[in-house]
Amino acid sequence: MTVAQIQPQTSSQKPLKKRKSSFRESTKEAIAGYLYVSPFFILFAIFGLFPMLFSFYLGFQKWNGLGEMEYVGLQNFEWIITDPLFWKSLSNTLIMWVMGTIPQLIIGIILAYALNSALVKLKSIFRVSIFMPYVTSTVAVAIVFGIMFNDQDFGLINVILSWFGVDPVSWSTTEWGVKIAISTMVFWRWLGYNTIIYLAGLQAIPNELYEAAKIDGATTRQKIQYITIPMLRPIIILTVFTSTIGALQLFTEPLVYIGRSYREEGLTVVLYLYREAFVNLAYGPASAAAIILFFIIIVLSAINVFVANRIGK
């Protein structure tokens, strides 16, 4: 009886020790994993989450950045909504989004399809060349385009227009001149980025689908309509979503191009709230404008994703 009682006890203790050791090992691995990813979350909490939450709090306060805060409720939002300049900046942003972002998505698909074709030679050179504008400094791009869209007769664009008998355009002072110049910068800088994303999506489409369609006698248009576009739909949704957010947060290009004059023709929403915060020292209205822009981005992004999701169905 004594030996029979001892044997079950020793056999039951071994699995228990294994469970404890495996639990400790898994805990150590989990702690090590959290430690490896913790720098990102710490930096995001300091430079991302805290400023965002503080802006929501600041939208209901009156503060010039130095003195004490004063709670004013919804006055900042009422002031922003009744300010004609805010609506002007919002319309400028939407117009530049239509002029600079939508064409780059359409042309990006066409260029990606061409680069994925077997007829194009030296594909690697073209891929690197078309991606170069994205890695170029935004300030450098704005300066170069500012020289190209010079108001004088010797400006590059004005010289080209003179070949067709068009009078020189004052690109930095006219209503549509500023919008065209800034939209062209955005188009040129982000076209290669979206093209490379579309190209990656095209290369993930199985060739068997195109071969089967070719055997069935499908034309190139039918292949694009019934194979390429439906298979690229997740990529299209991604690019539409990111491009919409980026276009509504347009800041560097108009700031460098129009300078600190903050002309109404090129004033975007982000540039508007930047002026209110760091020029007029009205941090409350600037935060209120940022909150309004936040909800506008959510609504427009949801609409664009819904429309893009219908493509290819």
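Author: Quick term before we start: buried area is the accessible area, with a 1.4 Å probe, that two parts lose on being put together, summed over both. Also, keep in mind that this is a predicted model.

Reader: Got it. So how is the protein chain divided?

Author: There's domain 1, covering 30-75, and domain 2, covering 82-309. Taken over C-alpha atoms, their centres are 30 Å apart.

Reader: And how much area do domain 1 and domain 2 bury between them?

Author: About 660 Å², with 73% of it on carbon and sulfur atoms.

Reader: Which helix gives the most to the domain 1 side of that?

Author: Helix α1, residues 2-58, which puts in three residues. The domain 1 side that touches domain 2 divides into three nonpolar residues, five polar ones and no charged ones.

Reader: How many residues are in contact there?

Author: Eight from domain 1 meet eight from domain 2.

Reader: What about salt bridges and polar contacts across the interface, how many of each?

Author: Zero salt bridges turn up by the rule used. For polar contact, the rule finds one residue pair, both at pLDDT 80 or more.

Reader: Switching topic: where does N194 lie?

Author: In helix α8, residues 175-203.

Reader: Is N194 buried or exposed?

Author: N194 is buried, because its relative accessible area is 1% and the cut-off for buried is under 20%.

Reader: OK, what does N194 touch?

Author: Leaving out residues up to four places away in sequence, N194 touches Q104, L105, T239 and S243. With Q104 there's a side-chain to side-chain polar contact of 2.7 Å.

Definitions and conventions. Residues numbered from 1 in each chain as written. Predicted model: local features only at pLDDT ≥ 70, side-chain atom pairs only at ≥ 80, totals over all residues. Heavy atoms only, no water. Domains from an automatic or database assignment. Contact = heavy atoms within 4.5 Å. Salt bridge = Lys/Arg side-chain N within 4 Å of Asp/Glu carboxyl O. Polar contact = N/O pair within 3.5 Å; in protein donor to acceptor, adjacent residues only side chain to side chain. Helix = DSSP H or I, 4+ residues; strand = E, 2+ residues; numbered from the N terminus. Nonpolar A, V, L, I, M, F, W, Y, C, P; charged D, E, K, R; others polar. Buried < 20%, exposed > 50% of the residue type's maximum accessible area, 1.4 Å probe, protein only.
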